[in-house]
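Please go through the charge pairs and the helix packing of this protein. A short report will do.

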Amino acid sequence: KVVCSMIYHDTEAFISYELQQLMVDNIDAFIFLTPGEVERARKHLVIPEEKIFIIPNGIDEYWLTTPKQKWHTTDYALTVGRIDGTKGQLETAIACQKLGIKYLCVGERMDDKYALECEKYGAILVPPMTHKELIKVYDNAKVFVLASSTEIFPLTVMEAGARGINSVVTTTCEWKDIPNVEWCNYQDADSIQEAIAKSIAQKPNKKFINKLKKMTWENVGKQVLEVYKQIYG
């Protein structure tokens, strides 16, 4: 039996749709992260309904159980992830500059020219960190911002949520039932600015924390086990 965790990219740049379909025909179950991911795959591929399962990403329990950590910097907007144009850090930097708040970006510089442009508008760029270091950075943020072009089921939003930090997410994100987040438009500094201001004004997102407590990797593992049980009858 073969179970495939899809993480589907809507392209045949690497494998033709014809070959993708051949692979699909020889797989027993497909695990998708979101209904939107299913829709994208089915634009090109015939996948039987009975073989489709939707299981979201999970989160490690230490994000939920580690005590709050102090850091040397506080009260900033935060983005975690690679630093390039698709992640929307430049427009977020512009929005934060207009709001008069600091903006911290943690991640690998993928495009030096873009990174310098972000710094020009006040972004503070920090190299990638370990999870232990990163918890402190989340804990002392005022708001988490993921203003990227496309997201399926972003782990960084889960991490921020687990630490009680309110988030701003772009409307292109396929994870639609995130409790009490503010939505913004990609590459729209005014929209991002408005969403950040609203998010900062809110109380900590306890509803999201409670949701994440049911989304640990252990629970995800149990759901995947049920898929195997079903295909083995």
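Is Glu49 exposed or buried? Glu49 counts as exposed, because its relative accessibility is 53% and the cut-off for exposed is over 50%. The model is a predicted one.

Across the whole structure, a search finds 13 salt bridges. Side chains of opposite charge can pair when their charged atoms come close. Glu49 is in one of these pairs: its side chain meets that of Arg42, with N to O at 2.9 Å. Arg42 counts as partly exposed, at 35% relative accessibility.

Lys198 and Glu194 form a salt bridge, their closest N and O atoms being 3.4 Å apart. Both residues belong to helix α8 (residues 189–201). They are four residues apart, about one turn of the helix. An α-helix has 3.6 residues a turn, so residues three or four places apart point the same way. Both partners are partly exposed: Lys198 has a relative accessible area of 43%, and Glu194 is at 46% relative accessibility.

## A buried pair

Asp139 and Arg163 also form a salt bridge, with the closest N and O atoms 2.7 Å apart. This pair links distant parts of the chain. Asp139 is in helix α6 (residues 131–139), while Arg163 is in the loop between α7 (155–162) and β8 (167–170). The two are 24 residues apart.

Both partners are buried. Asp139 counts as buried because its relative accessibility is 11%, and the cut-off for buried is under 20%. Arg163 is buried with a relative accessible area of 4%.

## A buried charge without a bridge

Which side chain of opposite charge is nearest to Glu182? Lys198 is, at 4.7 Å. Glu182 is buried yet has no salt bridge, because a salt bridge needs the nitrogen within 4 Å of a carboxyl oxygen.

Glu182 is found in strand β9 (residues 182–184). Beyond its sequence neighbors up to four places away, Glu182 touches Ser167, Val168, Val169, Ala195, Lys198, Ser199 and Gln202.

## How α6 and α7 pack

Two packed helices are described by the angle between their axes and the distance between the axes. For α6 and α7, the angle is about 65 degrees and the axes are 9 Å apart. Their crossing is right-handed. On the α6 side, the contact is made by His131, Leu134 and Tyr138. On the α7 side, Thr156, Glu159 and Ala160 make the contact. By type, the contact residues divide into three nonpolar, two polar and one charged.

In α6, the buried residues are Leu134, Ile135, Val137, Tyr138 and Asp139. Their cover includes α3 (62–65), β4 (76–80), β5 (102–106), β7 (143–146) and α7.

How many of the residues of α7 are buried? Seven of its eight residues are, and the helix is mostly covered. The buried residues are Thr156, Val157, Met158, Glu159, Ala160, Gly161 and Ala162. They pack against α3, β4, α6, β7, β8 and α9 (206–212). After α7 comes Gly164, whose phi is positive, near 80 degrees.

Key
Residues are numbered from 1 along each chain as its sequence is written. This is a predicted model: local features need pLDDT of at least 70, side-chain atom pairs count only at pLDDT 80 or more; totals for chains, interfaces and linings use all residues. Side-chain values use heavy atoms; hydrogens and water are left out. Buried means under 20% relative accessible area, exposed over 50%, partly exposed in between (1.4 Å probe, protein chains only). Lys and Arg count as positive and Asp and Glu as negative; His and the chain ends are not counted. Contact means heavy atoms within 4.5 Å. Axes are lines fitted to C-alpha atoms, for helices over the stretch in contact, and angles run from 0 to 180 degrees between N-to-C directions. A crossing is left-handed if the near helix is turned anticlockwise from the far one by less than a right angle, and right-handed if clockwise. Ala, Val, Leu, Ile, Met, Phe, Trp, Tyr, Cys and Pro count as nonpolar, Asp, Glu, Lys and Arg as charged, and the others, Gly among them, as polar.
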